[in-house]
Amino acid sequence: MHPNDGVSFTSSSLKIPLPSSSPSLSQALASQLARTGHSVFQLIDSLRNRSNYVRNPLSRSTESTQSDLGISSLFRSSPLLFSLSLSLTRSTDPTQNHNIAKSPLLCSASLSLTQPASTDSTQSGSELPQKGQSATAGRHDEERVLISEVLVRNKDGEELEMKDLEMEALTALKACRANSALTVREVQEDVHRIIDSGYFSSCMPVAVDTRDGIRLVFQVEPNQEFHGLVCEGANVLPSKFLEDAFRDGHGKVVNLKRLDEVINSINGWYMERGLFGLVSGVDILSGGIIRLQVAEAEVNNISIRFLDRKTGEPCKGKTKPETILRQLTTKKGQVYSMLQGKRDVDTVSTMGLMEDVSIIPQPAGDAGKVDLIMNVVERPSGGFSAGGGISSGITSGPLSGLIGSFAYSHRNLFGRNQKLNISLERGQIDSIFRINYTDPWIEGDDKRTSRTIIVQNSRTPGTLVHGNLHDNSSLSIGRVTAGVEFSRPIRPKWNGTAGLIFQHAGARDEKGNPIIKDFYGSPLTASGKPYDDMLLAKFESVYTGSGDQGSSMFAFNMEQGLPVMPEWLFFNRVNARARKGVEIGPARLLLSLSGGHVVGNFSPHEAFAIGGTNSVRGYEEGAVGSGRSYVVGSSEVSFPMVGPVEGVMFADYGHDLWSGPNVPGVILQGQGLSLEVDMDMGLASEWSHH
């Protein structure tokens, strides 16, 4: 038979309030035993009288042989004894639930005293204590009696079948040794130690007068052997965890101390995972079956409560409660986890709608269940903004990068966390007008799919690809873009995006008129018309580590031009980026690599531009070169210096893989290398090479 064949798992509706602490079995036992020690003093009276008789040879010589034999017979047939027993119980009083929660093993100890039946107290050598005799009892506790022999036997006075248990009991003894003078207190303490060993359900010390002196026998009753386990109410506790915890004890005598350790480990399993659960009761049934009762607090209801930003009082919210509730991974009927609740708070916070989020668990009407109340404080949902800034590296000349901006945003349309952004940015040459609508989670979708609709009209400098023309004329690229994208998590730390984008793009001169050739007569469009039209099917997959700037990242992007109309462009473009951060003592090494390739008929301004802050630093945007293919590598070491000053050393290298000549109208550079040492206080030196 396999050792775990007796293990079974069932469900139970038994629920109890959760504990604040769980004292150990030994502590509970010691508390019970302390209440019974006041009656032990009677043993010393009997032993004292018997020992006095033995020590007085004159008195013994004057007695008749018949009297001597009578006294000896009295000690042998009716020894004065006291017993100490331990049992496991469960309270049925509902008002005592707090006691059950505090101690999964409830112990009761009893101490009993028996003596020869006689109306003559002087014959037995002791009297029952009356009120006011505590001082006498204390004196008796300190009187010593010589013990000639100490034995451990079963409750019938016979030798134990299992010698290892006899050794466990003898090893537990501290004061009780052969040929030692003992007090009742010392005997009582050794009884405690035998019970505390965990192997015995009862222990009864018996004092017997023999020819060789007083023999002290500890009559013990071992616990049952463990042959099976029944666990009730453990819905989330893994069965393997219980099997591993009880496997070593199968077929062995149940050790209550070991059982207490197992119970603490089960409670610790719940605590480590932030789960509201614990062992609420333990029974040892006939046949050596241990029954564990586990109480797990299930979520009864989840509600949203909106609080006023200023007063903190409950108020009416703008966000629909179901919009918040569907963000939560905690559901009704689950065992409540504080760690899971914390993640839910973080998820709701990342929606960008709330200033403050908190979860408060409260006892539910049903025993053992909890109600969750999520308190949220909403922030303003939208408004207008305006500002200005400098966009470096796009154009040259004083104030060339100066831009102004105006925007309107609403982050909670219809109370469903849908976002609308309308923005306009305008510079001397470049400009962009964008309308962006995002639904972070499409209603009715269980995969957390988001939808984004984009309409954009932009104008960017053509120098990114075509460089500066010798006649000092400026060239810009105008694009009108509209599309829809869908994005959702693929697996942990992986996100996928797919969409369709239509683009109408062409080159313009300084006055904004469409042109199809540059100063050198090179074509600026693929179709030979003022504008190129293309419908792009887009797919992107992104892996992010911890999300920090220096964490690992990988992204793959592919765009396929669909020739729905004969004049629409047909091409395929792929691009990949990877980044890896490594800690080297106090410094951090950041390595990155990117590359791409495009095949087919595409517009020259769609070529890969090399150079700039996101490519080869130390060059202007696109100043290294442009091509159908490219590769850019970068290594960067950041290290702390003095105080708040941090130093950075990096080296960037980019190359068009000799594909520049295949792009019409591109001024060729081909490759670039940049080395730079920088500090965050603004001190920098730079060296660049064409």
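Predicted model: local features only at pLDDT ≥ 70, side-chain atom pairs only at ≥ 80, totals over all residues.
Staying with Lys419, what does its side chain reach at 3.2 Å? That is the backbone oxygen of Met351. The residue itself sits in strand β17, which covers residues 418–426.

Is Lys419 buried, exposed or partly exposed? Its relative accessibility is 21%. The buried class ends under 20% and the exposed class begins over 50%, so Lys419 counts as partly exposed.

Now its surroundings. Leaving out residues up to four places away in sequence, Lys419 touches Met351, Leu353, His410, Arg411, Asn436, Tyr437, Thr438 and Pro440. Take Tyr437 from that list. Tyr437 and Lys419 are 18 residues apart along the chain, and their C-alpha atoms are separated by 5.7 Å.

Next, the sheet. There is an open sheet of four strands, in the order β12-β11-β14-β13, and its pairing is mixed. Which strands stand at the edges? They are β12, residues 314–315, and β13; each has a single partner strand, so one side of each is left without a neighbour in the sheet.

Going through the pairs, I begin at the β12 end. β11, residues 298–307, pairs with β12 in the antiparallel sense over two bridges. Within that pairing, Phe306 stands opposite Cys315 of β12.

At the other end, β13 spans residues 354–363 and β14 spans residues 369–378. These strands run antiparallel and are joined by nine bridges.

As background, strands of a sheet pair through backbone hydrogen bonds, either parallel or antiparallel.

Helix α13, residues 338–350, lies across β13 and β14 and runs at about 155 degrees to β13.

Last, a different helix: α10, residues 239–246. Its buried residues include Leu242, Ala245 and Phe246. Why do the buried residues of α10 line one face of the helix? Seen down the helix axis, they fall within an arc of 85 degrees, so they line one face.

Note on methods
Residues numbered from 1 in each chain as written. Heavy atoms only, no water. Buried < 20%, exposed > 50% of the residue type's maximum accessible area, 1.4 Å probe, protein only. Contact = heavy atoms within 4.5 Å. Polar contact = N/O pair within 3.5 Å; in protein donor to acceptor, adjacent residues only side chain to side chain. Pairing = 2+ DSSP bridges. Arc of directions from axis to C-beta. Axes fitted to C-alpha atoms, helices over the stretch in contact; angles between N-to-C directions.
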